[in-house]
Amino acid sequence: MTDQADTSERKPKTGGKTLSLKRTVESGHVRQNFSHGRTKTVVVEKKKSRTLKTGAAAAEEPAKAKKAPAAAKAAEEPASAAAETEAPKPAKKKAAAPAAAPAAKEKPASRARSGVVLRTLTEEEKQARALALDSAREREDEDRRRAEEEARRFADEDARRERERTEAAARAAEEAARLAAEQTTRSRAADDAKRRLDTEAPAGRVATKDLKADEGDDDEKPKRGAGHAPAKPPVARRTEERRRGKLTITKAFDDEGERQRSLASMRRRVERERKKHMGIQEAPQKIIREVVIPEIITIQELANRMAERAVDVMKILMKQGIMLKITDVIDSDTAQLVAEELGHSVKRVAESDVEEGLVGEDDTTETKKPRAPVVTVMGHVDHGKTSLLDALRKTDVAAGEAGGITQHIGAYQVNLSSGARITFLDTPGHAAFTSMRARGAKVTDIVVLVVAADDGVMPQTIEAINHAKAASVPVIVAINKMDKPEADPARVKNELLQHEIVVEEFGGDVLAVPISAKTGMGLDKLEETILLQAELLDIRANPDRAAEGIIVEAKLDRGRGPVGTVLVQRGTLRVGDIIVAGTEWGRVRALINDRGENVMSAGPSEPVEVLGLGGAPEAGDVMSVVESETRAREVTEYRQRVQRDKRVGTGGRTSLDQMLSQLKEQDKKELPIVVKADVQGSAEAIVQALEKLGTDEVTARVIHVGAGGVTESDITLATASGAPVIGFNVRANAQAREAARQAGVEIRYYSVIYDLVDDIKAALSGMLSPELRETFLGNAEILEIFNISKTGKVAGCRVTEGVVRRGSSVRLIRDDVVVHEGKLSTLKRFKDEVKEVQSGQECGMAFENYQDMRKGDVIECFDVEVVKRSLA
């Protein structure tokens, strides 16, 4: 009974189907594609979890399953209707949001009909749905507006195209009519030309027939067969279009027609045809050009500048006996001969023309204004030049100099109590700094010659006098150290007379002022004398122009880079100017005066330090301001090229004297040296001092010199050449010290130039070959030659002069000719070996490795002494 009841209840639920379990695993196949056309099919299985429920839950499950499809169907119908009305573009995701709103409103009703009660919407949700509906309507209006505008634009575009087609058809008809009229006019002109040329030469008639045949083709073609299709409108020829010229508005609206060929043009054409038939060819007219020729130029470049063929240029050179290729270089004289032979004019230029205009012309008198005088203090070492400047500037520069001697050239400006200014240049007095003194004398207005009252005129004093005479500048003698008890100014004045320096007391024009830099005596009178001399010279300069000056000193500062001390001679130097100094250029980044203050400009006679150069220039180089970086770069590149050519040499032919000197140079021993100094002037003085130390046998060769500290690249260069590194007032950085330690390079530091010169002189002295000095001992005459089996030949001798010693050097002299020179191997008296044999005694002698001794030969005995040489 229970089983039957269960069966009757299950039949309606199953719907008459067979009882079976639902599949919990769904399987499928997926094809994977790989590179190179490879594929793979993979079986994919999807498992569903099975849940076990209680009896009550299992009874409710079929009822819920029946209600769910009905509710879903009721919800889908409103949703689809809303989607059709509200969203015209279902592909857009934004338009789908408003379409879902009516469906959401219908869902509660359908679910209510199915017996399920859902919650009502909140106010926030209602407002959100209302906003979504409003935005959907706005988007719909916008899309409708865009569609209308697009349709209007398409309609306007179609109308415009239709108008353009109509206008093009009208223009084509007008062009066809114009071309027909042009063809008629051209045929009429050809007939007229034929009638005019009937009376001319037969060649002219032939040319006319050819012309008619060329131009009458279009007239004959339509006459062939009347049954053919109508002829196409004639096409304008390219020659006519080219002859027509530029199309203007006047020509476009002119009804008179196209411009026709003139009668003169027709005559010229017929004449050309006649000459062509007769074989007459006109030579093209020669064009004369002005050819710019530099110092050196290639044949190809010369031909291009003349617009000639390079082959013609080479033919002219071959006639002169010069066989060159097209890429070879010729000088300006040869290029000028070639150009003139081809009929061209020549304008010769040089590479040095790039420096033209770098130094401006002299200013007019109206533009010049008074400037401060530039005074150079010169004299012998230790005569008190720097102490005098310290007393004038109220500073103490001398205390900071190594060894108490000046080894730099310094520039200072002193402001006097009267308001006047004087620029002083302090030069070294040591003999090694000759170039510095010469440089100071060239840029100065007045030379103050400092002479110690207790020391008198010394060698560097004489040299300073010669520099002042060479520069043609007035001299003021300052007799210093008058505070010493042994001071004798009269002696100084008398000694100056020997060098043509005549003071006023002796009827001359040289002012002499006794001073004492230590006590300050006579300094006021010295200043007054300098100002008086400057007033007589009437020193003026134009400050309102581009600056020009001279590099007094240059150095390489580690923190500031290349620094140059510039004395402005005329014009005004400003921050930001582009300057050229020797082979270096740069833009002025900062100007620092002698008191260490930054200034924006520097006028005439003002010494300033300039920052911003690309490298440390040479002391004595002229500084100029240029207008652009391009000009500065051109000038410096030219100067660097000239400097490099001088250093390398021209490489020309070598004469016999040059060959002999080169052979001597090859035998000369060299000491390579790398020199680094704090400033460029000191480095230059060191190089000049080392060059003077050389002799015919040894010399000091400076392979590198520069301003700045010792760097790792200097150590690398010294390692490759086996040279020591000399540092003058500079030090090596940590990397350089480590590299020198590893490579075994010696670095020597100096602060006084005396010590440096003495050490290099000692090193060169050690390289000199020692001198061999002979000391005569005695002579012996060979009386008899004895042959001994074990020893060989032994000479029986009698000492005729001096003494003969064993181990000394001997010479074998035969008929007053030296036959052999060597040493004695045996010296015996009777049968005993002895050290020496006196004069008048007999002995036996044997030579080392020599047996050719004869009776009557003389043996000379001497000692050789090795004497060590040194440089004077």
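**Exercise 1. Aromatic pairs**

A search of the whole structure, which is a predicted model, finds one aromatic pair. Identify the two residues of the pair and state how their rings are arranged.

Solution. 
Step 1. The partners are Phe-847 and Tyr-850, with ring centres 6.4 Å apart.
Step 2. The angle between the ring planes is 85°. Planes over 60 degrees apart count as edge-to-face, so the arrangement of Phe-847 and Tyr-850 is edge-to-face.

**Exercise 2. Charges over rings**

Find which ring face Arg-731 lies over, and do likewise for Arg-811.

Solution. 
Step 1. Arg-731 is placed over the face of Tyr-749, and its distance from the ring centre is 4.4 Å.
Step 2. Arg-811 is placed over the face of Phe-862, at 4.0 Å from the ring centre.

**Exercise 3. Confidence and overall make-up**

Decide which stretches of the model have pLDDT under 50, and describe the protein as a whole.

Solution. 
Step 1. Mean pLDDT for the protein is 76, with 74% of the residues at 70 or more.
Step 2. One stretch with pLDDT under 50 covers residues 54-115, where the model has 29 contacts beyond four places in sequence.
Step 3. Another is residues 201-241, with 30 contacts beyond four places in sequence.
Step 4. Where pLDDT is low, the predicted coordinates should not be read in detail.
Step 5. The protein contains 23 helices and 36 strands. Of its 872 residues, 35% are buried. Among contacts with a separation of 6 or more, 68% join residues 24 or more positions apart.

**Exercise 4. The buried side of helix H11**

Helix H11 spans residues 310-319. List its buried residues, explain how they are placed around the axis, and say what they pack against.

Solution. 
Step 1. The buried residues are Ala-310, Val-313, Ile-316 and Leu-317.
Step 2. Because these residues cover an arc of only 120° around the axis, they are on the same side of H11.
Step 3. In general, an α-helix has 3.6 residues a turn, so residues three or four places apart point the same way.
Step 4. After H11 comes Gly-321, with a positive phi near 85°.

**Exercise 5. Strand E15 and its partners**

Strand E15 runs over residues 548-557. Work out how it pairs with E16 and with E23.

Solution. 
Step 1. Seven of the 10 residues of E15 are buried, so the strand is mostly covered.
Step 2. With strand E16 (residues 561-570), E15 pairs in the antiparallel sense over nine bridges. Glu-553 has Thr-565 in E16 as its bridge partner.
Step 3. Three residues separate E15 from E16, and the two strands form a hairpin.
Step 4. With strand E23 (residues 622-626), E15 also pairs in the antiparallel sense, over three bridges. Here Gly-549 stands opposite Met-623.

How values were computed:
Residues are numbered from 1 along each chain as its sequence is written. This is a predicted model: local features need pLDDT of at least 70, side-chain atom pairs count only at pLDDT 80 or more; totals for chains, interfaces and linings use all residues. Side-chain values use heavy atoms; hydrogens and water are left out. pLDDT is the predictor's confidence in each residue, from 0 to 100. Contact means heavy atoms within 4.5 Å. Buried means under 20% relative accessible area, exposed over 50%, partly exposed in between (1.4 Å probe, protein chains only). Helices (H or I, at least four residues) and strands (E, at least two) are DSSP runs, numbered from the N terminus. The arc is that of the directions from the helix axis to the C-beta atoms. Two strands pair if DSSP finds at least two bridges between them. Rings of Phe, Tyr and Trp (its six-membered ring) pair if their centres lie within 6.5 Å; planes under 30 degrees apart count as stacked, over 60 as edge-to-face and the rest as tilted. A charge sits over a ring if NZ of Lys or CZ of Arg is within 6 Å of the ring centre and within 35 degrees of the ring normal.
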